[in-house]
Amino acid sequence: MTVNQITGIAASDGIAIAPVYLLAEPDLSFETKSIDDVASETARVDSAVEQATAEITVIRNTAAESLGEEEAQVFDAHLMFLSDPEFVGQVKTKVEDEKLNAEAALKDVSEMFIMMFSSMEDNPYMQERAADVRDVSERIMAALLGVKLPSPATISEEVIVVAHDLTPSDTAQLNKQFVKAFVTNIGGRTSHSAIMARSLEIPAIVGTGSILDSVEDGQMIIVDALEGVVITNPTAEDIAEYEAKAKDYEDQKAEWAKLVDSQTTTKDGHHVELAANIGTPKDAEGAVSNGAEGIGLYRTEFLYMDSADFPTEDEQYEAYKAVLEAMEGKPVIVRTMDIGGDKELPYLELPEEMNPFLGYRAIRISLDQQDMFKTQLRALLRASVHGLLRIMFPMIATLPEFREAKEILLAVKEELVSEGVEVSDDIQVGIMVEIPAAAMLADQFAKEVDFFSIGTNDLIQYTMAADRMNENVSYLYQPYNPSILRLIKNVIDASHAEGKWTGMCGEMAGDQIAAPILLGLGLDEFSMSASSVLKTRSLFSKLNKSDMEVLANKAINETTTNEEVIALVEEALAEN
Ligand code: PEP
Ligand code: MG
């Protein structure tokens, strides 16, 4: 390996060559000074406010385009605040009265506003306003100091975003037209930024450990997200080599695209369902254009995360209806919200936890804060008449949790029916199997659920006791480890014994090494990033299910490590 290579975890396929856009914490330090020329200082305030307004308007419009009008509303609040004469007026008065420089006056006034809003602790609306003031003041301060504030939504040239980490909402703001790839210091293949990158189809490498310190803003780099390699100082030869590689990859994708309207059938005629995972209604377009046979996982929490407040029943209804209609009668599995873990909500106060992934999360919150849960269920049931809806509860550990969730669902249904609202009678209700306790007890669960969907991202982290966000232990993300395969087999067999079906919506389902084994284990539905659907369909068309059964059996009974299973699969694929 040459010195100008940095390796990381390939999180979303593709190759990109472009200059770096550093998304680092800006330095907004300044000196407090007293000034003589009050008029020119207040003029500085005006022009900084003007610049901030222009920038936020661009961000707002970009967000509206890529995420929808609702998600853009948070920026409307910022603009409203900027145009409020109260705030800007107080900054200018402070400059005039105290002969303070604009930066110091802005800091004092914004701190006062923040303190005032955040002191109203019981009022989430006011807490939100405090966050608005913080954001807006930071932008005015950056304008005053002439510092570029990184704002992914305003990128308007081809770049590769480099950051320590990207939050799911940072990721959602990336405009695919200009952001050719992103690379981060931390994260793993199943961290949510990686998952979002795949649904946005942006090449990504995460968990490099050091990218942020290794490149400068504007520097040309190559991202090979097929291999997980970043080339930081490419020569002309490197660039030519990777341009060729990128072209080969595009040609391959064009080959896969021919399968867009076909069913997924193995060489020996066995049919499985390939579905897509989505995070927003807009992602359903990618599912359709990539030939998905359904939605195997709609992660509804993004609806909550991209909003300034709890989404209302009607807002949720519209989102669910849009997905069901886009899929035109194909099955759509909607997962009730999975907030917690690495997914926070600014307006829902979650307790500080030592281990958020082991804490107050998903169904645990829904069963505890039932009003929020019922709103979501009402919206889902109302939407059910627009397509083929399936409802799935996340993070189920015990049967009583499932029973309680289902009871609430049935009560909500009854309530709607008594209100005269039409609800579909054909709604399967299932659970995610992502906690080892549920996987072990699958035979009991199978008597009560309509289906299972195995969430390997969490199932692996809990089985191996290795945080999915921590790159230091990412080597323990071992989907092929026979321990994991045995748990999966247990779930599939248990469902079949009761005449039920099992899908998988963890990232493992679209993994080209794992998929042949899962086929052999009898998995019924594979749900993955839309961008993996066609290559998996192509792979399955070359395999015999009967051969994969033999392979799966060997992997389960005759291997001891992840690596041995990889070798076994590679050998079997080479024979095909
Ligand atoms: C999983 O855990 O495998 C899963 C699909 O859910 P998430 O990644 O949203 O936790
Ligand atoms: Mg999960």
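**Close-up 1. Phe81, Phe87, Phe113 and Phe117 form one aromatic cluster.** This is a predicted model, in which local features need pLDDT of at least 70, side-chain atom pairs count only at pLDDT 80 or more, and totals for chains, interfaces and linings use all residues; side-chain values use heavy atoms, with hydrogens and water left out. Residues are numbered from 1 along each chain as its sequence is written, while chains are lettered from A and ligands numbered from 1 in the order in which they are written. Eleven aromatic pairs occur in the structure (rings of Phe, Tyr and Trp, the last by its six-membered ring, pair if their centres lie within 6.5 Å; planes under 30 degrees apart are stacked, over 60 edge-to-face, the rest tilted).

**Close-up 2. Phe81 and Phe113 pair edge-to-face.** Their ring centres are 6.0 Å apart and their planes stand at 80 degrees. The pair links distant parts of the chain, 32 residues apart: Phe81 in helix α2 (residues 69-83) and Phe113 in helix α4 (residues 102-118). Helices (H or I, at least four residues) and strands (E, at least two) are DSSP runs, numbered from the N terminus. Phe81 is buried, at 11% relative accessible area (buried is under 20%, exposed over 50%, partly exposed in between; 1.4 Å probe, protein chains only). Phe113 is buried too, at 6%.

**Close-up 3. Phe87 and Phe113 also form an edge-to-face pair.** The centres lie 5.2 Å apart, with 85 degrees between the planes. Phe87 sits in helix α3 (residues 85-98) and Phe113 in helix α4, 26 residues apart. Phe87 is buried, with 0% relative accessibility.

**Close-up 4. Val161 is a buried residue of strand β4 (residues 159-163).** Its relative accessible area is 1%. The C-alpha atoms of Val161 and Phe182 are 4.6 Å apart, although 21 residues separate the two along the chain. Leaving out residues up to four places away in sequence, Val161 touches Tyr21, Leu23, Ile155, Leu166, Leu174, Val179, Ala181, Phe182 and Val183 (contact means heavy atoms within 4.5 Å).

**Close-up 5. Helices α20 (residues 514-521) and α22 (residues 545-558) cross at roughly 100 degrees.** Their axes come within 7 Å (lines fitted to C-alpha atoms, for helices over the stretch in contact; angles run from 0 to 180 degrees between N-to-C directions). The two are therefore roughly perpendicular (65 to 115 degrees; under 35 is roughly parallel, over 145 roughly antiparallel, the rest oblique). Pro516, Ile517, Leu519, Gly520 and Leu521 of α20 meet Lys545, Met548, Glu549, Leu551, Ala552, Ala555 and Ile556 of α22.
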